[in-house]
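Hi,

Here is the structure I promised to pass on. Have a look at it first, and then read my notes below.

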Amino acid sequence: MADGNEIQRRKPGSVGVVLVAAGRGVRAGEANGPKQYRNLAGRPVIAHALGAFLDHPAIGPLVVVVHPDDRLQARDAVGDAAARLAFVDGGATRQLSVLAGLRALADKGCDTALIHDAARPFADRALLDRVIGAVDADAGAIPALAVVDTLKRGAGGHIAATVARDGLYAAQTPQGFPLAAILAAHEAAAASGRADFTDDASIAEAHGLPVRLVEGSPANVKLTLPGDFTMAETRLAPSLPDVRTGNGYDVHAFEPGDHVTLCGVEIAHGRRLSGHSDADVGLHALTDALLATCGAGDIGTHFPPSDPRWKGAASRIFVEHAAGLVRSRGGRIANADITLICEAPKIGPHRPAMVAALAAMLGIDAGRISVKATTNERLGFIGREEGIAAIATASVVYPGGLPE
Ligand code: MG
């Protein structure tokens, strides 16, 4: 096998990538949609598959070949990376999809093409280095693993023959080639009407382009059957769940008025709390606590007090926005705890209504919510009834960790 240690002579951007994502994923369970867009540990499979390529210094242009029905889904699935990618429509077979991708790569200034299946989410930097390092102007290279199982040819449910496994390898992707040569090989295969090639190396071979073998990676599996997803989730799952805790604190001063709004509940009172929105200190503290669990700034980042849209706004929109952000990052709110600190009004009678309001805002069971109240023993500004303060704590479980 080639050792691929010539990586250092690659110019930045000289390697282009065709990521093949045009399949419909029939075998992995069509009901769940194409497998490359299914979630794996909080991120679509295709986003995992792109990771090592996006980070590699030799790699420039990236072409993603998608089914025409999946154009929007594909852009959504890759997130911010979409700006760096060219999307092209695939053909009726994988072979024709790769050809479409190679044609799109042809005028992008690279001399080497890597062709990779979007359903292989575990290709890593070392694997890419081995493949890229073994490609030159005269030969392609593919990662492959020597077959270790004894091979049987079956017929009618019985063994017909034992096949010698000496010299047999299982081929993986990414497969790398000199771009002009692999494009010519694909064009020739398409022109000949042959559509029975199962990978790109076999097209290169048929066209007379030598292909080197480099060491594949046992982790670099192709997600094919529904059970493959379970195994992949297990591999990506951290040994301990990623649990984040955030806190928040807020205080608002009293001004003339006839009610206060606390934890989403209006309570008749001789004064009101002063603020740009409805001045609900409990919900403001909780919003900060939720945002803190994923490093998303604070309430002022998302809802600047200078913005006239939030004048008199019900603060539940702040909490719902923060909870939505947590969910969009794969988080599950485990619990929320709010302490209101005031001499008056009395909070106890309103606690059940507050818990119910919070459960609705957060979309979690009331049993995961706690609202407590304490006075300040007549000390300080709260003791003098100049305002009300609140502290909040929220815990969120991010099963697959947070996206980078
Ligand atoms: Mg506030």
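**What I found**

Strand β6 pairs with strand β11 (residues 175-178) in the antiparallel sense, over four bridges. In that pairing, Ala113 sits opposite Phe177 of β11. Keep in mind that this is a predicted model.

β6 has another neighbour too: strand β1 (residues 15-21) runs parallel to β6, and six bridges join them. Here Val17 has Leu114 of β6 as its bridge partner.

So how enclosed is β6? Six of the six residues in this strand (residues 112-117) are buried, so the rest of the structure largely encloses it. You can check both faces: Thr112, Leu114 and His116 are buried on one side, and Ala113, Ile115 and Asp117 are buried on the other.

Next, the metal site. Which protein atoms are the donors of the magnesium ion? They are OD of Asp250, NE2 of His252 and ND1 of His284, lying 2.2 Å from the ion. The two histidines link distant parts of the chain: His252 belongs to strand β13 and His284 to helix α8 (residues 281-292), 32 residues apart. Buried means under 20% relative accessible area, so His252 counts as buried at 15%, and His284 does as well at 8%.

Strand β13 (residues 242-256) also holds Val251. With 34% relative accessibility, Val251 counts as partly exposed. Together with Tyr249, Phe381 and Ile391, Val251 forms a nonpolar patch on the surface, with about 340 Å² of accessible area in total.

Happy browsing!

Notes: Residues numbered from 1 in each chain as written. Predicted model: local features only at pLDDT ≥ 70, side-chain atom pairs only at ≥ 80, totals over all residues. Heavy atoms only, no water. Buried < 20%, exposed > 50% of the residue type's maximum accessible area, 1.4 Å probe, protein only. Pairing = 2+ DSSP bridges. Patch = residues over 30% accessible without salt bridge, like charges linked within 9 Å, V, L, I, M, F, W, Y side chains within 5 Å. Areas by Shrake-Rupley, 256 points an atom, 1.4 Å probe, with all protein chains shown as cover. Salt bridge = Lys/Arg side-chain N within 4 Å of Asp/Glu carboxyl O. Donors = N, O, S within 2.8 Å, 3.2 Å for Na, K, Ca; no water.
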